[in-house]
Amino acid sequence: MSQTPVFPEGFLWGAATAAHQIEGSPLADGAGPSIWTRFAHTPGMMLNGDTGDVACDHYNRWREDVKLMRELGLTAYRFSVSWSRILPEGTGRVNPKGVDFYSRLVDALLENGIEPLLTLYHWDLPAALDDRGGWLNRDIADWFAEYAGVMYRALDGRVKKWVTLNEPWVVTDGGYLHGALAPGHRSRFEAPIASHNLMRAHGAAVKAYRELGKHEIGLVVNIEPKYPASDSAEDQAATRRAHAYMNEQYLHPALLGHYPPELKEIFGEAWPDWPAEDFELIKQKLDFVGINYYTRNVTRAAESYPLNAAMVKQPLGTYTETGWEVFPQGLADLLLWFKRTYGDLPVYITENGAAFFDPPTADVDPRTGARRVRDPLRIDYLRKHIGAVYDAIQAGVDVRGYMLWSLLDNLEWSLGYSKRFGMIHVNYATQERTPKDSARWYAEVIRTHGRKL
Ligand SMILES: OC[C@H]1NNC[C@@H](O)[C@@H]1O
Ligand SMILES: [Ca+2]
């Protein structure tokens, strides 16, 4: 008697990537530069001076990579489109070769029974738009809707699950507040403006989809559940501020039509009085929300900018190569929080994974010549986190799929190629791909629809 699948019928098993992290060839076939091509070529911005000029050479090797997805049995694949391949100046002239690249990729995915989840913005803003103020210019809502419309007209129907933005919090906190990410600004006055325009652009793109599209569209946010380090009033308040700043700042306007009150407390004079009509644009009906989860944060009150909160390292915790605590319970907790706070909207885990140490080259079996990369820590991480998704589903959260971050080792932004998140190893010297043990393990999870966790 066949066991009933432990995951819902139709649950999608996939992997996620992003254009600038895997494609390489950033200026090929008429593409314009993005803020990441600029940032990476700005001395001192990238660890080891790494850039996205080659990355995983996916722009040339995409057929081979789709074949690998097929071999693993993925039923979905989340990727992003590089805006400046489509509109080299950001608006106006369309570059047909840029559209063709993604059109061919989507056709190959569909031919292999893999459902595409397309992210319109995964951080690589056209440099030409940054020169016009980028996310600080209110016109970007129209620029983004124009770009989204080009993609809807080109791919809707073949692509049935669209995502407007990936992780607006990282775009703003990294790119405008702390400056670790492109475009490298450091301003508590710019950060709220960038956040607000990101959400206005999200709303404009969803509105455009309702006119042009026939399928589903959503928003992807990173969520990091915050746990107070003690029950002191200061630690509780710091935890509340950190939670509002990272976890509610984008979902609240998108789903509830207002910001959490803590943001005015955090930014003070730097928090504008937003016009009411902005929230009518931002709050559009969504078909799903994508949640990216990596770790939790045990939070205490501290002197810090601008949150006055700090993370408390856990003495008995296990940490990944990026210094993130392995805490699967946080994924189950946050999914229950999401349902409690925002209701029964369908959810996809659009990113989950870990960087543990992987060697630069695969082991080669001297007898068979077969290549192999052993990554038991990643298997343990994934098993526990997929288990947490299952617990949340059993508790009534409508989770529809899981996209493992990442398909391939790739450019971890300003950390360069030093952090390997892939379930498939990339030898950057030879561009050889080697499915790690975690890929073999994940293929079994997919084949048994979650029974073999
Ligand atoms: O840090 C790992 C991932 N997190 N979410 C966004 C991705 O672009 C990152 O590589
Ligand atoms: Ca700038």
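1. Asp358 and Arg378 form a salt bridge, with their closest N and O atoms 3.0 Å apart. Asp358 sits in the loop between β10 (347-352) and β11 (363-364), and Arg378 in helix α15 (residues 376-394), so the pair ties together parts that are 20 residues apart in sequence. Asp358 counts as buried, at 4% relative accessibility. Arg378 is buried too, at 1%. Keep in mind that this is a predicted model.

2. Salt bridges link Asp358, Asp375, Arg378, Asp409, Arg420 and Lys436. The whole structure holds 35 salt bridges.

3. Glu262 and Arg240 form another salt bridge, 2.9 Å from N to O. Glu262 lies in helix α12 (residues 262-267) and Arg240 in helix α10 (residues 233-248), so this pair ties together parts that are 22 residues apart in sequence. Glu262 is buried, with a relative accessible area of 10%. Arg240 is partly exposed, at 38%.

4. Arg61 bridges to Glu64, the closest N and O atoms being 3.9 Å apart. Both lie in helix α3 (residues 58-72), three residues apart, which means a separation of about one helical turn. Arg61 is partly exposed, at 26% relative accessibility. Glu64 is partly exposed as well, at 34%.

5. What is the nearest side chain of opposite charge to Lys419? It is Glu321, 4.3 Å away. Lys419 is buried yet has no salt bridge. Its place is the loop between β13 (399-405) and β14 (424-427). Beyond its neighbours within four places in sequence, Lys419 contacts Glu321, Thr322, Ala355, Asn410 and Glu412.

6. Is Tyr176 buried or exposed? Tyr176 has 0% relative accessibility, so it counts as buried. Helix α8 (residues 168-177) contains Tyr176. Setting aside residues up to four places away in sequence, Tyr176 touches several others, among them Asp130, Trp135, Pro183, His185 and Arg186.

7. Now the chain as a whole. It has 16 helices and 15 strands. A compact globule of 453 residues would have a radius of gyration near 22 Å; the chain has 21 Å, which agrees. The C-alpha trace spans about 70 × 55 × 50 Å along its principal axes. Of the 453 residues, 63% count as buried. Among contacts with a separation of 6 or more, 77% join residues 24 or more positions apart.

8. Last, surface and charge. The chain exposes about 17,100 Å², and carbon and sulfur atoms supply 52% of that. There are 49 positive and 57 negative side chains. The centres of the two sets lie 4 Å apart.

Definitions and conventions: Residues numbered from 1 in each chain as written. Chains lettered and ligands numbered in written order. Predicted model: local features only at pLDDT ≥ 70, side-chain atom pairs only at ≥ 80, totals over all residues. Heavy atoms only, no water. Helix = DSSP H or I, 4+ residues; strand = E, 2+ residues; numbered from the N terminus. Rg over C-alpha atoms; globule rule 2.2 N^0.38 Å. Buried < 20%, exposed > 50% of the residue type's maximum accessible area, 1.4 Å probe, protein only. Contact = heavy atoms within 4.5 Å. Areas by Shrake-Rupley, 256 points an atom, 1.4 Å probe, with all protein chains shown as cover. Lys, Arg positive; Asp, Glu negative; His and termini not counted. Charge placed at Lys NZ, Arg CZ, Asp CG, Glu CD. Salt bridge = Lys/Arg side-chain N within 4 Å of Asp/Glu carboxyl O.
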